[in-house]
Amino acid sequence: MIPYATATSMPPILRIRALRCEYPGEAGPVHALRDVDLSVARSSFLAIMGPSGSGKTTLLHCAAGLQNPTSGSVELDGQDLRGLDQVQLARLRRRRIGFVFQSFNLLPALSAIDNVELPLRLDSRKIEPARTTELLTRVGLGNRGSHRPHQLSGGQKQRVAVARALIAGPDIVFADEPTGALDIRSAREVLRLMRELADHGQTIIMVTHDPVAASYSDAVLFLADGRIVDHLPRPTAQQVAGRMAVLVESAEQAVHGTAVHR
Ligand SMILES: Nc1ncnc2c1ncn2[C@@H]1O[C@H](COP(=O)(O)OP(=O)(O)OP(=O)(O)O)[C@@H](O)[C@H]1O
Ligand SMILES: [Mg+2]
C-alpha cells in the first residue's frame, strides 16, 4: 500500500484495500477497478488522473460510499463502510463527506442558494445565510444566489455544486473534475479554495484531466485500466502532462493494438 501525500503519524482518513469493481457488459464484465490499494493522509490534497474510462469516477463513488464495490474494503477514519446499513451510510455521507459530481446533480427546482444549503437541511442543521453567501461569493457567484440551474451556465452550475459540497464543512471532499467546465480564472479560484481547505485540515480528493489543476495537489495518482500505475508527489504541471501523455498513448496502443506515431 502506498501512502499518498503528506506523511504524518496520524492514521489515514481514507484506507482502501483490494478494491475491485465490475460492471455487467454485453461481452462479459467490465473491470472498472482491479485491486486498488490506497491510503490517504488527513489534511492532504490528492489528485487522481488517468485516461477516460480508467475508473476514476468509479473509484470516487466507491470511496465515498455512493456505490458498492464488487469486493474489497473502504475505511473512512477507521470505519469500514461495509459494516454500515443504508441509514448509517447516508448519515455518514451527509455529515462527513462532500461530493462534487461530474454531472453536477443540482436539483432543477431549487435556486442556487437552496441547492447549496440542501445538505444542511437534509441533516436538520442550522442554516447560516451569511455562510452560504460567503461560499457562493468565494466561487464567484455572489450575485447568482436566486437563479435556478436552468438560468446558469455550465461553469456556474459547477461552482454551485462545489459550494454545496463544502457547505457542511465535511472532513473529506471528493470532487470529480470540479473545474472541467470552468474558464481559467474561475478554475483558479476553485483550486485555490480547495488548496486552502486542505491547508486548514480538510482532505480533498480531486479527479482532473488538467495538469495545472493537478499541480495544486500534494500528490497525483495515475489510474490506467482500473489500476494505480504511478504516483507523483509535489507535482508540477509539466511533470503531470508528461506522465499523462505516456499513459494516454499506452491506452491508445491497448485499444488499437499498435504503436501510435505522431
Ligand atoms: N454503470 C455502468 N455500467 C457499465 N459500465 C460502466 C458503468 N459505469 C462505468 N462503466 C465502465 O467502467 C469503466 C470506468 O468508468 P469510469 O466512469 O469510472 O471512468 P472515468 O475514468 O471516470 O472516465 P472519464 O474520464 O471519461 O470520466 C469504463 O469502461 C466505463 O465504460
Ligand atoms: Mg469520470
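Me: Where does Ala241 lie?

Reply: Ala241 lies in helix H8, which covers residues 237–256. The model is a predicted one.

Me: Why is Ala241 called partly exposed?

Reply: The relative accessible area of Ala241 is 34%. Buried would need a value under 20%, and exposed a value over 50%. The 34% of Ala241 lies in between, so this residue is partly exposed.

Me: How far apart are Ala241 and Pro211 in sequence and in space?

Reply: Ala241 and Pro211 are 30 residues apart in sequence, while their C-alpha atoms are 5.5 Å apart in space.

Me: How do you know that Val207 is buried?

Reply: Val207, in strand S9 (residues 203–207), has a relative accessible area of 1%. The limit for buried is under 20%, so Val207 counts as buried.

Me: Which residues is Val207 in contact with, leaving aside its neighbours within four places in sequence?

Reply: Val207 is in contact with Ile48, Lys56, Leu60, Ala175, Asp176, Glu177 and Pro178, if neighbours within four places in sequence are left aside. Lys157 is 50 residues from Val207 along the chain, and the C-alpha atoms of these two are separated by 18 Å.

Me: What makes Thr132 count as buried?

Reply: Thr132 has 1% relative accessibility. Buried means under 20%, and therefore Thr132 is placed in that class. Thr132 lies in helix H4 and touches Ile113, Val116, Glu117 and Ile167, not counting residues up to four places away in sequence. Gly142 is 10 residues from Thr132 in sequence, with 9.3 Å between their C-alpha atoms.

Me: Which residues of H3 are buried?

Reply: The buried residues in H3 are Ala112, Asn115, Val116, Glu117, Leu118, Pro119 and Leu120. Their cover includes helix H4 (129–138) and helix H5 (154–166). After H3 comes Ser124, with a positive phi near 50°.

Me: Why does Ser73 count as buried?

Reply: Ser73 has 7% relative accessibility. Because buried means under 20%, Ser73 counts as buried. Ser73 is found in strand S5, residues 71–76. Leaving aside neighbours within four places in sequence, Ser73 is in contact with Arg15, Ile16, Arg17, Leu19, Asp80 and Arg82.

Me: Why is Ser43 called partly exposed?

Reply: Ser43 has 25% relative accessibility. Values between under 20% for buried and over 50% for exposed are called partly exposed, so Ser43 counts as partly exposed. Ser43 is found in the loop between strand S3 (30–40) and strand S4 (45–49). Its phi is near 60°, a positive value in a residue other than glycine.

Me: How do you know that Asn105 counts as partly exposed?

Reply: The relative accessibility of Asn105 is 38%. Asn105 lies in the loop between strand S7 (97–100) and helix H3 (112–122), and its phi is positive, near 55°.

Me: Which residues have the most contacts inside the largest nonpolar core?

Reply: The largest nonpolar core has 43 residues, and those with the most contacts inside it are Met194, Ile204, Met206, Val220, Phe222 and Val240. Helix H6 (residues 184–199) gives the most to this core, namely 7 residues.

Me: What does Phe222 touch, not counting residues up to four places away in sequence?

Reply: With those residues not counted, Phe222 touches Met49, Arg227, Ile228, Val229, Asp230, His231, Leu232, Val240, Arg243, Met244 and Leu247.

Me: Why does the radius of gyration of the protein chain agree with that of a compact globule?

Reply: A compact globule of 262 residues would have a radius of gyration near 18 Å. The protein chain has 18 Å, so the two agree. Its C-alpha trace spans about 55 × 45 × 45 Å along the principal axes.

Me: How many helices and strands does the protein chain have?

Reply: The secondary structure comes to 8 helices and 11 strands. Buried residues make up 47% of the 262 residues. Of the contacts between residues at least 6 apart in sequence, 66% join residues at least 24 apart.

Terms used:
Residues numbered from 1 in each chain as written. Chains lettered and ligands numbered in written order. Predicted model: local features only at pLDDT ≥ 70, side-chain atom pairs only at ≥ 80, totals over all residues. Heavy atoms only, no water. Core = buried A, V, L, I, M, F, W, Y, C linked by side-chain atoms within 4.5 Å. Buried < 20%, exposed > 50% of the residue type's maximum accessible area, 1.4 Å probe, protein only. Helix = DSSP H or I, 4+ residues; strand = E, 2+ residues; numbered from the N terminus. Contact = heavy atoms within 4.5 Å. Rg over C-alpha atoms; globule rule 2.2 N^0.38 Å.
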